[in-house]
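Have a look at the structure first, then read on.

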Amino acid sequence: MFLYLSKLLPLLFYPLGLACISLLVALFMVGRRPPIAAFCITFSLLLLLVSSNGWVSKFFARSLEWQNIPTTELPTAEAMVVLGGATKSAFPPRPGVDLSEQGDRIIYAAQLYRQQKAPLIILSGGRIDWRGSGAAESRDMAKILTSLGIPTQAIIEETDSLNTYQNAVNVRKIIERRGIKKVLLITSAMHMPRSLLIFKKQGIDVIPAPTDFLVSEGEIQELGNTPKAAILNLIPNTNNLHQFTITLKEYLGMLIYRLRGWI
């Protein structure tokens, strides 16, 4: 039940969900209390305008993504851990397992393996039955890694985790059995701050290896490098709204996980 509610309830606090609720209240109040209806409509409009412009969304995303940028070359470790959420199941018309937007995690793991940063790759992620079916995410990630030439003996699949907390708990069991002391943690830069706190709470000696950056230095510089760019980045954009929403999701996740004592 917690897993279901943790996916459902935050939707009501994201900009689109909150705006929809506010507009429904306005629709209900428009003939009864026009001032309340007008306030709700104004609130919805301002909320969407703020959360879908480039200036707000990119700086908001940067506040999380740039927290764990490596300042030196990544050290070696005994294993690397790749968190799920990077694949789409092999259902028609897909010809096979597809990479999702977070698929950089898998590519980066393959690159680090070839750089001999770690001899083992632990893939952590199950599959929530009411959010699509198919093989566990770790199984799908393993298929992609082997297709990239990573040997199967270098891959360990953890197929039971359904959220980041379970990722950390189940990975801890694996590395304790194998006597592994230090791991590289590979996940999206947006997801890294929360993941790092959870893994450290489990007593794991973890080195952040973020990837899948949504905001680059170039994109920050481009925001206002010309008057035209500055104006265009004020105009509502669905990509900006998505970027703002997933950043807010991570902050809400950190709050919920802290309240539960997981970080």
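## Helix packing and the sheet

Helix H4 (residues 54-65) and helix H11 (residues 238-259) cross at roughly 35°, and their axes come within 9 Å. Here axes are lines fitted to C-alpha atoms, for helices over the stretch in contact, with angles from 0 to 180 degrees between N-to-C directions. Helices (H or I, at least four residues) and strands (E, at least two) are DSSP runs, numbered from the N terminus. This is a predicted model: local features need pLDDT of at least 70, side-chain atom pairs count only at pLDDT 80 or more, and totals for chains, interfaces and linings use all residues. Residues are numbered from 1 along each chain as its sequence is written, and side-chain values use heavy atoms, with hydrogens and water left out.

On the H4 side, the contact (heavy atoms within 4.5 Å) includes Val56, Phe60 and Leu64, while H11 brings Phe244, Leu248 and Met254 among others.

Now to the sheet: which order do its five strands take? The order is S5-S4-S1-S6-S7, in an open sheet with parallel pairing; two strands pair if DSSP finds at least two bridges between them. The twist averages 25° from one strand to the next.

| Edge strand | Residues |
|---|---|
| S5 | 155-158 |
| S7 | 205-208 |

Each of these edge strands pairs on one side only. Strand S6 (residues 182-186) runs parallel to S7 and is joined to it by four bridges, with Lys182 having Asp205 of S7 as its bridge partner.

Finally, helix H5 (residues 104-114) lies across strand S1 (79-83), strand S4 (121-124) and S6, at about 170° to S1.
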